[in-house]
Amino acid sequence: MNAALTAAAAGFGTGLSLIVAIGAQNAFVLRQGVRRDAVLAVVGICALSDAVLIALGVGGVGAVVVAWPGALTAVALAGGAFLLCYGALAARRVLRPGAGLRAEGEAAGSRRRAVLTCLAMTWLNPHVYLDTVFLLGSLAAGHGGLRWTFGLGAALASLCWFAGLGFGARLLGRFLARPGAWRVLDGLVAVTMLVLGASLVAGA
C-alpha cells in the first residue's frame, strides 16, 4: 500500500510540474474560465485528453512513435500554424477593444467553437506528446508494476489543475469586468500564442 501511494504521489507531483506552465492550453482554459463560457466542456476535454495520452505513454506507445521522427515534425507545423492564427486573432482584439469579450458569455454557437478550439489546442501541440506520452511514459516505466498507479496520479494532477484553473478563474470576474483588463488578458494570450507558434514552426 505504501509503495502504491508513493508511486501515485510521484505521478501527481511529476504531472503537476509539467502541466503548471504558461502555455497555449492553459491560456485558453483561463480565458474560457473568466468568460464563464463552456468551462465544464473545456476542462473535461483537457483532463480526458491528458488521461488518454498518459495511458498511451504508460502503455509504451511513446517508444513506437519515437521511431518515426516525421510525426513530431508534422504535428509541430500544424500546431504552430494554428497557434499563430489564434494569436493573431487575440492581438486583433487588443487593437480593437470594441470587439472585446463579455464575461457573461456569448451566443449559443460559442460552445461548439470552444470545444473545437480546445481539441486543436490539445492535440496539435507537440509539447503535450513530449510531456505526457514520452516523458511521463518513461518515468512510469521506472516504477515497474506500479507504473499504472504512477500514471493515475499524473492524470489526477491534470484533472485538479484544469478544474482549478477553469472554475477558479471566475474569482477574477470583478476585475475583468473592466474593458482594459480584457485587453491585458488578450495581450498575454496573443504573446503566448505567437511566441509558441513561431517557436514550433522554427523548430520543425
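Predicted model: local features only at pLDDT ≥ 70, side-chain atom pairs only at ≥ 80, totals over all residues.
**Entry 1: α3 against α6.** I began with this pair and found Ala41, Val42, Ile45, Cys46, Ser49, Val52 and Leu53 of α3 meeting Arg111, Ala114, Val115, Cys118, Leu119, Thr122 and Trp123 of α6. I took contact as heavy atoms within 4.5 Å. By class, the contact of α3 with α6 has 11 nonpolar, two polar and one charged. I counted Ala, Val, Leu, Ile, Met, Phe, Trp, Tyr, Cys and Pro as nonpolar, Asp, Glu, Lys and Arg as charged, and the others, Gly among them, as polar.

Residues are numbered from 1 along each chain as its sequence is written, and side-chain values use heavy atoms, with hydrogens and water left out.

I then looked up the geometry: the axes of α3 and α6 come within 9 Å and cross at roughly 25 degrees. Axes here are lines fitted to C-alpha atoms, for helices over the stretch in contact, with angles from 0 to 180 degrees between N-to-C directions. α3 and α6 are therefore roughly parallel (under 35 degrees; over 145 is roughly antiparallel).

**Entry 2: α2 against α3.** Next I checked helix α2 (residues 24–35) and helix α3 (residues 39–58), which pack at about 160 degrees with axes 9 Å apart. That makes α2 roughly antiparallel to α3. From α2, I listed Gln25, Phe28, Val29, Gln32 and Gly33, which meet Val39, Val42 and Cys46 in α3. This contact of α2 with α3 has five nonpolar, three polar and no charged residues.

**Entry 3: α2 against α6.** How do the axes of α2 and α6 cross? They come within 9 Å and cross at roughly 160 degrees, with α6 spanning residues 110–123. Ala24, Gln25, Phe28 and Gln32 of α2 make the contact with Ala114, Thr117, Cys118, Met121 and Thr122 of α6.

**Entry 4: the largest pocket.** I noted a volume of about 380 Å³ for the largest pocket, the volume being the space filled by probe spheres set on grid points joined across faces, edges and corners. A pocket is an open set of points on a 1 Å grid over the protein atoms alone, where a 1.4 Å probe fits, with protein on both sides within 12 Å along at least five of seven lines; lining residues have an atom within 4 Å of a point. Its lining has 22 residues, with Leu18, Ile19, Asn125, Val128 and Asp131 nearest the centre. α7 gives the largest share, five residues.

Technical notes:
Helix = DSSP H or I, 4+ residues; strand = E, 2+ residues; numbered from the N terminus. Parallel < 35°, antiparallel > 145°, perpendicular 65-115°, else oblique.
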